[in-house]
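Visitor: Please show me the structure, and then let us go through it with questions and answers.

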Amino acid sequence: MAGPLGQLGRRPGGTSVASSGARDAAGPGQQPGVPLLEVSDLRVRFRSRGETVHAVQGISYTVEPGRTLAIIGESGSGKTVSAYAVLGLLPRTAQVSGSIRFKGVEIVGLGERELREHRGRNVAMVFQNPERSLNPTMKVGNQITEAVRRHLPLGREQARERAIELLQTVRIPAAERRFHEYPHQLSGGMRQRVIIAIALACEPALLIADEATTALDVTTQAQIMDLLLDLQAQLGTALVMISHDLALAASYAEDIMVMYAGRVVEQACAEDLFASVRMPYTRALLDAVPRVDLEPHVLLPVVGGLPPDLSKVAPGCSFAPRCPEAQPDCQAAMPPLEEHETGHWWACWHPCTKEAPGELGE
Amino acid sequence: MAGPVASLVLGLPDAAGGSPQPQPQSRGRGLLRTLEITIPGALLLVLLFFCFIWPLVYPVPSPTYGSVLNANLPIWSPGHIFGTTNVGYDNMARILYGGRTTFEVAAGVQGIGLVVGGLLGVIAGYAGRIVESVLMRVLDILIAFPALVLILVIADSLGQSEMHVIWALCAFSIPATARVARAGTLRLRDQPFVVAARLSGVKAWRIISGHIVPNLMPQLLTFSLLGTGIVIIIESGLDFLGYGIPDPAPSWGGMIAYGQTVMSVSLSPLIVPSLFLFGTVVCLNLLGDGLRGRWGVR
Amino acid sequence: MSSASEAGTAPAGGDVLLEVRHLVQEFVLRDYGRARGGVLQAVSDVSFELRAGETLGIVGETGSGKSTLARSVIQAPPPTRGEVVFEGKNLVGLSHRAMKPVRRHLQMVFQDPFTSLDPRWPVARIVAEPLAAYAVGSRAERQERVSSLLKLVGLDPVRYGRRHPRELSGGQAQRVAIARALVLEPKLILCDEPASSLDVLVQAQVLNLLERLRSELSLSYLFIAHDLALVKQVSDRVAVMYLGKLCEIGPVRDIYRQPLHPYTLALLASIPDPAPGARKHGTRSVISGELPSPLNPPSGCRFRTRCPRAQERCALQAPELRAVGAEGHLVACHFPLSDGAPAPGREPAAVRG
């Protein structure tokens, strides 16, 4: 007799994804070897009422075409602000320094016109709240065609066809009919699909999903994540998923970058990270999440305190005040982010040294 | 879950840092916002001072006593900065005392509107059902009348006096404030903190006085302030038409009416009171707007 | 109904504290523009029991009616039909005055602390408010109690007593809300997603706090959440809701190890499986389709439109909650998964066929 998932008529999985070669294939016009996105020493500061808030304090990472990077962090880690920097969406009160190169072209310092070209064409973003991203007074189809025609020289009829095609790609049933509907007539999951459709309107090489599934039900979340994966395989899009959910990252991302208080504190590919978690903050994140395989009423190992005030940059490690492994030298100097093991970077003077398994299972 | 910075700067809803606050401004905009409040506020205070306090300490000529010998003096005349009327009354004094009337009426009307209208609106909003329906229908009737006609009818039937003008204008301010108060109360009533108070057994009147009214005050106050300009204009309109403050008591509207009749001969009797009226209303509106921004009222 | 009273036998069970019988909550929607009105049955014939000292977790997704259920229990607003029997007294239809003594023992913690605390009140006053409403003790005694409660939830009363909610972080504000819920020494606290608006680390702090308080103060919780792992963490028994109906209810270990209802299984399968390196492609979403409109739910079993096991009977007859398998484990399904099939585990090998 079929097992539980078999009983549910599970879709054949695993085999429909071609070898990762499809994803790694460079997009059109892409030189092999040149990373799609290269962020170097990105710093973002905001001036507010005389204070300077250091939202992002020097982060560097690359995204290869077709791959998935998860940026993990809590509120105040700087993950959203850094994503907005990549899109050139930061307001003028922000001071951005460092370098963001997309296909070799520098984004920092570009004018508004070039940035508009860049957004949607090269990079697109999917936000957390579908309600906020869709215009409630405009038909869903028109919002897609608007996005399409902003970057591609298509006529109205062609744009409409493309929009319906996109709606089908994001697996919205009865696409022709849905074209004429308003956002409030769609469910949360469908709205998010529409947003994905808009984001993909011009087939950007990079998609940034900022907590795109956080506001969704867990079943819808699964559907949307599967959709994103399939689209990646189909279109070769690279994906940067921003989240606080390490388990989600583990399931879907190849590379994981953990941010805290504006800095990257640990960075590795998913297997390495979970094989041996080094940074105590990452460890704390893992431990603090309730897990289905734990017994009920077990107290979670918890780290007290709050994230630091970003307007005052203390000399030592920003996590030191809360870190269970902290030693006196942690507050004295900021540990640099270094590749201590091949492919595994961390910024800690006293990392978790035991081969602590990061897996959330036995 | 956007962090405190993302929520502040990018306008994203914030997860753990608190309710969204107004965007940070560059220093320039912050300064402008403060000026928007302090300058009109200061001007109004100066005007109030001169209207109410100055005549008590300085021998300002009476606005309703004068010698015909001094009639029709132009502005900048010695002893009569704004000139005199056709019967010799000092215009400056008339401006000041007229201003007193204006402010007294405005304060009276908006004050009564705030208290009575606010109370009615809050009760209607909180009690709901029958009480709300009855109260709102009564107020609806008042609002349904064209405001000016209603005011004229009241003013005409009650006779001319400052108090009657105040009553007449209250027919306008009470329902307007009640509407705002009711809408605000409806919004607040469903807020979890009010539900929580009900769950904790707090009595209705305590919820209203402790939770609803304090959270409603910024909205009501700015509404009242912004409405004061309109009230002043209507009051002046009544005086202009001869329905408000009876002659010879001074009023800006009356002075404007008079200025209109001698317009071909001399412009200053028309311009001076008009400027005062205009300036006062603009200051009130700027102040109201500025406070609304400062207090984050929608 | 007898099955409702059988939904008991909890490990931490005392006397029955709360009994909900055939609860129905309906909202009448008027026609608005093009949207047709109708009757929305947010909670549809729900019955369960909660015993003293235990935590009943209610889990469900959007539209499941779980939050509405919590509001119905506290009579805000009161349910359309049904009974809510708390400490032997039916709360439905009680006047405001008669409810007052009951409210002492029944409190609630809301999801967003920044809207459940009056932004203009200082913390100490917020926590003292229920005491003032019930005129408990003198002013000095009340202050004393507030201080001790703030300390109990981990906030220094001297530092935080005078602050306003907007000066606090999310976690701190939620602690204040918890302190307020505790001040009248309630027996049952309804927690409506108390941690879902908080960051991961802060969420753990708050959950641990709730757990500690439970044992220290002998509390019972009705815990509403959409996060399955979280619900498992805190509950003794779990109830699963879908579109206003109770699908399955039973002891926590049984539900998670041997789910009987296909929806429960789908929920469990949708949890991100943190086994790195194996990108789950097409394996997670074991549930298809969209949530039907609550205004017009499917006939018979409401889950049938998305259930891979649905048969004709499911459209004709709505399944009743009945005992299947382990004691105290009830399910509302015509074709429950009762063949000893384990829940989706980490090893794909467990899936046979």
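Guide: Two strands pair if DSSP finds at least two bridges between them, and helices (H or I, at least four residues) and strands (E, at least two) are DSSP runs, numbered from the N terminus. This is a predicted model, in which local features need pLDDT of at least 70 and side-chain atom pairs count only at pLDDT 80 or more, while totals for chains, interfaces and linings use all residues. Residues are numbered from 1 along each chain as its sequence is written, and chains are lettered from A and ligands numbered from 1 in the order in which they are written.

Visitor: How many bridges join strand β3 of chain A to strand β9 of chain A?
Guide: Strand β3 (residues 68-72) and strand β9 (residues 255-260) of chain A run parallel. Along this pair, Leu69(A) stands opposite Asp255(A), and Ile72(A) has Val258(A) opposite it in β9(A). The number of bridges joining the two strands is four.

Visitor: Which residue of β8(A) is the bridge partner of Thr68(A)?
Guide: β3(A) also pairs with strand β8 (residues 238-243) of chain A, in the parallel sense and over five bridges. For Thr68(A), the bridge partner in β8(A) is Leu239(A).

Visitor: Which strands of chain A stand at the edges of the eight-strand sheet?
Guide: This open sheet with mixed pairing has the order β6-β7-β8-β3-β9-β10-β12-β11 in chain A. Its neighbouring strands are turned by 20° against each other on average, direction ignored, where axes are lines fitted to C-alpha atoms, for helices over the stretch in contact, and angles run from 0 to 180 degrees between N-to-C directions. Each edge strand has a single partner strand, so one side of each is left without a neighbour in the sheet, and these strands are β6 (123-126) and β11 (338-341).

Visitor: How many of the residues of β3(A) are buried?
Guide: A residue is buried if 20 or more other C-beta atoms lie within 10 Å of its own, exposed if 12 or fewer, and partly exposed in between, with C-beta atoms placed from the backbone. In a regular strand the side chains alternate between the two faces of the sheet. Both faces of β3(A) are covered, with Thr68(A), Ala70(A) and Ile72(A) on one side and Leu69(A) and Ile71(A) on the other. The count of buried residues in β3(A) is five of five.

Visitor: Which strands are at the edges of the four-strand sheet of chain A?
Guide: The order of this open sheet is β2-β1-β4-β5 in chain A, with antiparallel pairing. Strand β4 (residues 94-102) is joined to β5(A) by two bridges, and Arg101(A) stands opposite Glu106(A) in β5(A). The edge strands, each pairing on one side only, are β2 (51-63) and β5 (105-106) of chain A.

Visitor: Is Ser274(B) buried, exposed or partly exposed, and why?
Guide: Ser274(B) is found in helix α10 (residues 268-295) of chain B. Because 17 other C-beta atoms lie within 10 Å, Ser274(B) is partly exposed.

Visitor: Which element gives the most to the side of chain B that touches chain C?
Guide: Two residues are in contact if their C-beta atoms, placed from the backbone, lie within 7 Å, and 20 residues of chain B are in contact with 27 residues of chain C. The elements that give two or more residues to this side of chain B are α7 (192-199) and α8 (204-241) of chain B. With seven residues, the element that gives the most is α7(B).

Visitor: Which element of chain C has the lowest mean pLDDT?
Guide: pLDDT is the predictor's confidence in each residue, from 0 to 100, and its mean for chain C is 84, with 86% of the residues reaching 70 or more. Over residues 1-11 of chain C the pLDDT is below 50. Where pLDDT is low, the predicted coordinates should not be read in detail. Strand β7 (residues 188-192) of chain C has the highest mean (95), whereas the element with the lowest (39) is helix α1 (residues 2-6) of chain C.
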